[in-house]
Amino acid sequence: MNITFRKLIVAAAATASIVGVGGGANAQSPQVRNVVLVHGAFADGSGWRGVYNELTKRGYQVTIVQNPLTSLADDVAATKRALALQNGPTILVGHSWGGTVITEAGVDPKVVGLVYVSALSPDAGETTSEQYTGFSAPDFVIDVQADGYGFVNRDKFKIGFAGDATDADVAFLRDSQVPINMSVFGTKLTQAAWRTRPSWAVIATDDKAFDVRMLHKMAKRIDATVTEVKASHAVFMTQPKAVAAVIERAAQDAARKSR
């Protein structure tokens, strides 16, 4: 059946001494060197490739989580496994549903900052679906299967998910979708990492999967430093330089706060 999404619904010590990063001869490497990227629903970690390339060439150690999208607990566990691999303070980044995941997993002691990329940020005791109350995204349509897993409607995929991507990229994203267990949106969170970690938010101004007003409301509640980017919901893939710049700023600011 076709339904809109709405209806379904600190700091740690700085690492070793500063040495060159970022391309200039006198540039400095980040004191917070680790970044973990968490994808959202209907996608996988490959969409982060551009952000990965931007950050690694600036000297960051980047790890990409592959969420199973089977339950909040399973996605949080996958993220915690990635965090366990980090050798120091870490910036945790989530796109879309990945924002819920980092909100729950981000209380890990290695996490010194959170970056929400057109992402959800519920509070402890809230469900993800509650964030949609009073908002709508009519162009974002999900086809729910008999087993309770959902795919973005094929005919609406470009306008709802990736309006600024090339037709070839849209086709690949559409045809490689990872379905999500729709019950996850009714799961209550037990943690809200943004209450104890500084937060940054990238808001895609042409997002059709979320009501942009909802994104601003959530960012205001978590006291996030906001950067608006002209992009679709697929901003994590289509605007890697802009997203990487915000992540780098978060790493630098988190390092200063830890001094």
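In this predicted model, an open sheet is built from 6 strands in the order E3-E2-E4-E5-E9-E10, with parallel pairing.

**Strand pairing**

Strands of a sheet pair through backbone hydrogen bonds, either parallel or antiparallel.

| Strand pair | Sense | Bridges |
|---|---|---|
| E2 and E4 | parallel | 5 bridges |
| E4 and E5 | parallel | 7 bridges |
| E9 and E10 | parallel | 5 bridges |

Individual residues locate these pairings along the strands. Val36 stands opposite Leu92 in E4, while Ile91 has Gly113 in E5 as its bridge partner. Strand E9 spans residues 199–204, and Trp200 stands opposite Thr225 in E10.

**Helices on the sheet**

Helix H1 (residues 49–56) lies across strand E2 (34–38) and E3, and runs at about 165° to E3. Helix H3 (residues 97–105) also packs on the sheet, where it touches E2, strand E4 (90–96) and strand E5 (111–119). The direction of H3 makes about 145° with that of E4.

**Strand E4**

Strand E4 takes part in several of these arrangements. Together with H3 and E5, E4 makes a right-handed β-α-β unit. E4 is also mostly covered, as 7 of its 7 residues are buried.

Technical notes
Residues are numbered from 1 along each chain as its sequence is written. This is a predicted model: local features need pLDDT of at least 70, side-chain atom pairs count only at pLDDT 80 or more; totals for chains, interfaces and linings use all residues. Side-chain values use heavy atoms; hydrogens and water are left out. Two strands pair if DSSP finds at least two bridges between them. Helices (H or I, at least four residues) and strands (E, at least two) are DSSP runs, numbered from the N terminus. Contact means heavy atoms within 4.5 Å. Axes are lines fitted to C-alpha atoms, for helices over the stretch in contact, and angles run from 0 to 180 degrees between N-to-C directions. Buried means under 20% relative accessible area, exposed over 50%, partly exposed in between (1.4 Å probe, protein chains only). A crossover is right-handed if, with the strands pointing away from the viewer, the path from the first strand over the helix to the second runs clockwise.
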